[in-house]
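These are my notebook entries on a structure that I have just opened. I record what I looked up, entry by entry.

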Amino acid sequence: MAGFPGTGKIWMNGTLVDWADAKIHVAAHVVHYGSGVFEGARCYDSPKGAACFRIDAHVRRLFDSARTYRMAYPITPAQLQAAILETIRANALKDCYIRPLMYRGYDSLGVNPSTCPVDLAILVWPMGRYLGADALEAGVDVRVSSWTRMAPNTFPSTSKCNANYANSALIKMEALADGYAEAIALDVNGFVSEASGANVFLVRDNVIFTPTLGSSILQGITRDSIITLARHLGFEVRETTIPREFLYTADELFFVGTAAEVTPIRSVDRLTIGTGKRGPVTEAVQRAYFDLINGEIPDTWNWLTYVYPADAARREPAGARTAKGH
């Protein structure tokens, strides 16, 4: 994952400011209590123009997360989406990672955040392959984490809250320290949950399995997209509880996520998965995903939003974006 550029513009509360000037106070509530919600989306430089992938779904999830945490900011989803596109254009980017962040700012410190203002920022920056340049084909080695995902009714796993990612950081750091690229965490009942920042899919006898929302997973937008694409390709997809041992006996495993995209898993706990290479089902789903974001197949579900007006006008007739296939 590429580092920050250190230059360019960041959108903060309606104003585009220089990267170096995008600052908050050390006493901001979010610094002390993780009281913020965020999104991670992507813009791709496709042959048909720079296009954000399912940006409307990401914006909706941000608002859902904010509602759960009783955060309100005076902006509509349509206005936020427009601000994201404005920020990408202000940085003259065609391929980038998108990070909208709504957070509790500076006023007072205490567990109750209600007196603190809600602020909003949008960052964009160039991004490489999250798990390495060759991971999309060669796959990655992972372990089952010793850290467990949150139990139901502790705090909401479907909300993309800053504080949730303390758990993710522990999962990721442990995996890296032990020589793995990533780890898969189990839920409180010992069933497969998710990785530090990606959902998990399993293939057995050409049937695709993935954990349910009840397994303390993030309701991933890429996850939903892959389920849709896989079914469109004719695969059966089952959302179910998955025992740990099914990871070891799967024909194929793969991660999906905004950063991970569709990344094969080569081994789990040093046990080779399938042939130890990207399997045919993973490859088929991966190809469908990249063909769509690269504009090589029709955008049947209207998942692409073009950043620059000339690209949008060239690709879509008037009225084409009247419905969203979510």
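With which residues is Asp291 in contact, leaving aside its neighbours within four places in sequence? I found Glu296 and Ile297, where contact means heavy atoms within 4.5 Å. Asp291 lies in helix H8 (residues 280-293); helices are DSSP runs (H or I, at least four residues) and strands likewise (E, at least two), numbered from the N terminus. I also noted Ser46, 245 residues apart from Asp291 along the chain, with the two C-alpha atoms separated by 9.7 Å.

On provenance, I note that this is a predicted model, in which local features need pLDDT of at least 70, side-chain atom pairs count only at pLDDT 80 or more, and totals for chains, interfaces and linings use all residues. Residues are numbered from 1 along each chain as its sequence is written, and side-chain values use heavy atoms, with hydrogens and water left out.

Next I checked the cysteines. My search of the whole structure returned 0 disulfides, a disulfide being a pair of cysteine sulfur atoms within 2.5 Å. For Cys52, the nearest cysteine sulfur belongs to Cys43, 4.3 Å away. Cys52 has 0% relative accessibility and so counts as buried (under 20% relative accessible area; exposed is over 50%, partly exposed in between; 1.4 Å probe, protein chains only). The sulfur of Cys116 is 14 Å from the closest one, in Cys161, which is too far for a bond. Cys116, at 3%, is also buried.

I then turned to helix H6 (residues 221-232). Its buried residues include Ile221, Arg223 and Leu229. Just after H6, Gly234 takes a positive phi of about 100°.

Last, I located Ile24 in the loop between strand E2 (15-18) and helix H1 (29-33). Ile24 is partly exposed, at 44% relative accessible area.
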